Amino acid sequence: MSTRICYSLLLLSLFLLHMGQAHAQQSNGDNPSSQVLQAEDLSNALGKSLTAERQELDELKERLGQVRTATKTLDTEITAYKVIASAYSNLLHRQTPIEELKKVRAELETIIQDIASRLVGLTDNLEIVRKLNQEEKQQYDYNNQQLAIIKKTATGTREGKAILDQLQALNKTISEQLQTTSNMEAIYLKSVGQLTEVQESIDSLAKNYDRQIEEKQKEDLFSRNENVFISIDWEEISRDLQKIVNVARQVSASEFWVKQLRNVWKAGGLLFIKALLLFVIVQFLIFRLRKLCAAWRERLQERRPWLCLTLDLFRQSSPLAGTVLFLYGYVQLQDVTSGFPFIWVIIDSLLAWLLTRWVLDLAKLIRSSNWLQVPQQLLTGIRGLMLAIRSFAVPYLVLQWNLGTTSIFLALARIGFELYLIIWTVHFWRRFQYSSANSVLTSSKQLSTLRTGVIGWGYCVGLGGFLLELAGYGQLALYWYASWGRSIVVAIWAALLLLALLEWNHSVTLVPLSERKETHHAGWLLIRLLGVIWLGFLTAFLMMAWGATKAMVLGFFHVLNQSIELGEIRLNLLGIAYAFLILAFTLAATRFWRPTLKKRILTSSGLEEGLQESVATLSVYVLWMLGILAALHALGVSSTSLAVVFGALGIGLGFGLQNIFNNFISGIILLFERPIQVGEVIEIGGKWGTVNKINFRSTVVQTYDNASLIIPNSDFISSQVVNWSFKDPRLRRSVTVGVAYGSDVQRVKDTLLEIANNHPKVLKYPKYDVLFSDFGDSALVFDLRFWSTLTDFFAVETEIRFEIDRLFREREIEISFPQRDIHIRTITPELSGRLKKDEPDNKN
């Protein structure tokens, strides 16, 4: 109900109250003309409101009729859903082929999605009706209150009675609207409840089908059938061939694909369009990633051959790999198998094509390389096997989807492929044995044993599937070959990545310890971390290669996820592993983040070097804080446990960690207040040095003697520090010189000014000057004061002293030195005689 009507009713009540007051005034003899005009206006407003409410009532009644009609249709559909669920439930108790079960499961998924969309619409309509009903109820209650007031104030006049009748009619209309919306709400509630009940039953039925299909797959995998050569039925083969022809005609027709696309649109709707756009974006990102890998490859060239080989293999197959991963992820997130069950055949076919593509590309790269010497005959044999697998796998998957797993035609196709595989196995491993007879594999006993084991494994894989087929385990034989094929591809990628890691580790360890930087230490840690991740992924992918995606893998992680409770803290092995990985990643990220931030982002920002260092350090603190919180969360530490931990930390700060915490807070103050910054020249404790780094607890100052002072951060806060480069790198220095009494002081001044003026590293502003500072005991003392920079002042002082000594000598200005006059007051006759003897003979 509109808010405008509520406000009009409020004004109406005020007008009526005013009319009651006017009636009282009229009884006292006042003019009634204005009162009549007000009553007419009020009556007109009430008439318009009543017309609008009745029109809205008609619309609600019409909508109620539509809801009842739609409910009848929905009841019919719900009855149909129940019948279908009952029929499909009975189908579970029969010996139904797995292909039929999968088709029924797809239809159930369609029904589930249809019911879900219906529930969303019904729930939205229910919320709208509830909101409307609540507004009408509030207006109805409000009108009753106004009527009670009006009956007391406006019943004494004819106009008041007419308005009262209009208000009662309006209230009755609103009451009918309230009843109508209540009926609609009841209908929607009933429909939602029935549809929810059907949805729950069909969901339960779909889960039963999933369990039945899984059990059927296990039974088919380990069930033994009669030998195909004994139970061969040519009529069945003929029927299968006819079915294949019919399916080929159906698939080749455009109507088939139009129908599939319609089903996909029905299942996904606009999400399908979004998925196509997302697919284009993914392919564009893959294209950019390929260009990045190519640039990286050119930069590495031949220094890291295994990494270059891995990058080349990734670049060549990344579009197909991205397509397979995108389709698999899309199917998992948005189940489209109900509308397009053929999608899994497409995904499995693309996966088979991708696996063989990796092996073919690797063989091609090895053949074109100059550093890997592999016999060409072996590479040709591998290429032939991959092409044969492609030619068998893709048609087999399509035919299995149409004919089922028990088809004799498919069994004959399997036997034909297995015979080819036996011939290939014997031929390939003989060549391998011959070509490796005089290679590195026979240089030691261990390698020779490994070579023999690899050859034996190859024969077991090649012959094992055929023996299983002859024994009647056809599906198990196919599973045997497929699992070993996937495992080989996983092993290839694992070997390439491991060799690339070993190359990286070798390049890091070759750098001498004295020349290693933070990036080298971070690289060393990252290599070890990636090694652990490599081992985990290798284990997981090998388990997935043997079909253990939902059973063994999840069971393994479930065992690791078993918790051990220590008070409020719950620990488990998986959480400890996650916490370790998070902290290791945080350490590696901070080591790489600091130089990246300074060199790539802040270099061109125009900020001071010290401010750049402060920003970098604070960002590292933020990363560590987030990493520690994430690690605690991974360990299973709750908010309550964190409160306990912080309480214990507070007690620790009060006892043993007070100094450490004081230095940490002092370091943060230094970073924010910035009384000293990295790169500035300071003097502390009488020692000069350059601030190199402000750490968590201390600051590193490098003296001019190349000594590193490790100073606690609190000393910079509580002690006096001289910052010579704070805000201004200039400083004034003074060179003192003494000249002999009697020297020309004006010449001395002019000479000193000339020296300062001619030196290139003496600043011209502020102006240098000369002070006649004192009459010394043996010299006239002059001070040459000049301005220079922090980086030059030591050298400038030395060079000025050299120049003073040179020019004073040229201009015969005597640099005085301490002198003493000795006056002898008494002398003995003996000393006087000796002095006379020593006098030179001046007569000549």
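Two strands are said to pair if DSSP finds at least two bridges between them, and strands (E, at least two residues) and helices (H or I, at least four) are DSSP runs numbered from the N terminus. The model is predicted, so that local features need pLDDT of at least 70 and side-chain atom pairs count only at pLDDT 80 or more, whereas totals for chains, interfaces and linings use all residues. Residues are numbered from 1 along each chain as its sequence is written, and side-chain values use heavy atoms, with hydrogens and water left out.

**View 1. The open sheet of 5 strands.** The strands follow the order β6-β5-β4-β3-β7, with antiparallel pairing. Because β6 (708-712) and β7 (722-723) stand at the edges with a single partner strand each, one side of each has no neighbour in the sheet.

**View 2. The pairing of β3 with β7.** Strand β3 (residues 681-684) pairs with β7 in the antiparallel sense over 2 bridges; the bridge partner of Ile682 is Asn723 in β7.

**View 3. Helix α22 and its two sides.** Helix α22 (residues 793-810) has 18 residues and reaches 26 Å from its first C-alpha to its last, close to the 26 Å expected at 1.5 Å a residue, the expected span being 1.5 Å times one less than the number of residues. Phe793, Val796, Glu797, Ile800, Ile804, Leu807 and Phe808 are buried (under 20% relative accessible area, with a 1.4 Å probe and protein chains only). They lie on the same side of α22, because they cover an arc of only 105° around the axis, taken from the directions from the helix axis to the C-beta atoms. On the other side, Phe802, Arg809 and Glu810 are exposed (over 50%).
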